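Dear colleague,

I am passing a structure on to you, and my notes on what was found in it follow below. Please read them with the model open beside you.

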Amino acid sequence: MTQILRARRLLTEQGWLDDHQLCVENGAITAIDPIPAGVSVRDAELLCPAYIDIHVHGGAGVDVMDDVPDALDKLAMHKAREGVASWLPTTVTAPLEAIKRTLERIAQRCHAGGPGAQVLGSYLEGPYFTPQNKGAHPPELFRELEIAELDELIALSRHTLRVVALAPEKTGALQAIHHLRQQDVRVMLGHSAATWVQTRAAFDAGADGLVHCYNGMTGLHHREPGMVGAGLTDPRAWLELIADGHHVHPAAMKLCCCCAKERLVLITDAMQAAGMPDGSYSLCGEKVEMQGGIVRTASGGLAGSTLTVDAAVRNMVELTGTAPEDAIHMASLHPARLLGIDHQLGSLKVGKRASMIALDSGLHLQRIWIQGQPLPL
């Protein structure tokens with residue numbers, strides 16, 4: 001059966017189309033055409049591609065590392081309510097056996113499917129970091145890079161491991177990057193004290209970008225541009241950005257737009273407290289406190305975020321002056337391109353999966369369809 005959705009404005013990769021309709025059959029987009037004359041009903045003010053959040057630790061009181069049967073289902077429903085149709089559950093630095101069990105659970109959910117946003121695979125954030133910019137990650141659990149260990153993790157994930165984050169100055173990092181890219185695993189750089197030279201060498205070896213740009217890395221200095229400078233100026237680098245106005249100052253967010261608008265990927269880095277009231281929570285096995293929606297460690301450092309993707313999109317528009325269509329692409333098309341799945345997801349185009357969101361003129365979520373199926377909000 002053909003489903004037709006009509007919008008006052010419909011966003012494609014090339015920009016907005018006024019008064020167009022989209023046809024869906026068997027979960028895929030089969031046509032995008034002007035709305036016939038005389039048809040006045042519209043299903044959406046703005047019809048846009050659904051969001052893809054590639055970096056998610058938790059939310060709704062649940063952590064990706066929780067070894068309980070319905071944790072990922074609960075998180076998938078939570079993500080869908082912010083306009084996310086696809087996501088990567090993201091690990092934290094933990095004992096290796098706990099990481100292995102989490103990768104296995106994510107692989108099972110990825111293959112079996114389930115309610116809410118589609119699990120695309122896993123994102124390994126830690127344990128291959130260095131202590132200087134550790135963030136909330138426990139440095140006593142950091143590990144050295146070994147190809148055999150990486151291969152074991154890929155095998156345990158049943159080849160659903162999509163992204164590995166690491167510090168590029170670690171011994172063997174360049175060889176590990178090259179090996180991971182040969183296995184079609186993306187490599188992001190972060191929680192590191194790498195120099196500009198070391199970061200550029202990692203990009204030369206095949207690394208794909210920076211983990212939450214500015215956070216957990218060497219900053220921009222005019223005599224040592226550091227990791228941030230390398231990411232801003234290297235056209236090969238994708239830049240994850242936590243656009244909540246707390247992790248990154250709006251002026252620094254705008255600098256990213258000036259240097260890398262086509263390479264920005266909006267992420268939440270959301271943790272267990274996302275969508276929950278202020279109080280005590282845990283991250284990386286440590287107690288953290290949320291006040292006013294901001295989560296901090298006992299030492300006062302930021303510990304993940306409570307951001308939603310739809311809020312991140314609005315923040316880019318309101319805080320940096322980014323055009324709405326560009327901000328939406330940063331949360332849909334760009335993450336799809338980073339993961340190499342933009343032939344299936346990330347934009348409204350004939351032949352792609354029909355994962356879409358309806359937004360009002362203020363970019364607030366109204367409805368979501370995941371592979372053509374509407375999901376109650």
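Two strands are taken to pair if DSSP finds at least two bridges between them, and the elements themselves are DSSP runs, numbered from the N terminus, with helices being H or I of at least four residues and strands being E of at least two. This is a predicted model, in which local features need pLDDT of at least 70 and side-chain atom pairs count only at pLDDT 80 or more, whereas totals for chains, interfaces and linings use all residues. Residues are numbered from 1 along each chain as its sequence is written, and side-chain values use heavy atoms, with hydrogens and water left out.

On that basis, strand β8, which covers residues 84–89, pairs with β9 in the parallel sense over two bridges, and tryptophan 87 stands opposite valine 119 of β9. Both strands belong to an open sheet of three strands with parallel pairing, in the order β5-β8-β9. Because β5 (51–56) and β9 (118–119) each have a single partner strand, they stand at the edges and one side of each is left without a neighbour in the sheet. Helix α1 (residues 71–80) packs on the sheet and touches β5 and β8, where contact means heavy atoms within 4.5 Å. The direction of helix α1 makes about 135 degrees with that of β8, the axes being lines fitted to C-alpha atoms (for helices over the stretch in contact) and the angles running from 0 to 180 degrees between N-to-C directions.

Turning to the spaces, I used a 1 Å grid over the protein atoms alone, on which a cavity is a set of points where a 1.4 Å probe fits but cannot get out, a pocket is an open set with protein on both sides within 12 Å along at least five of seven lines, and lining residues have an atom within 4 Å of a point. Grid points are joined across faces, edges and corners, and a volume is the space filled by probe spheres set on the points.

The largest cavity holds about 40 Å³ of space, and its lining includes Tyr51, Ile52, Ala85 and Ser86. The elements that give two or more residues to that lining are β5 and β8.

The largest pocket has a volume of about 360 Å³, and of its 21 lining residues the closest to its centre are Gly135, Ala136, His191, Gly216 and Leu302. The second largest pocket, of about 250 Å³, is lined by 16 residues, with Lys134, Gly135, Ala136, Glu286 and Thr297 nearest its centre.

With best regards
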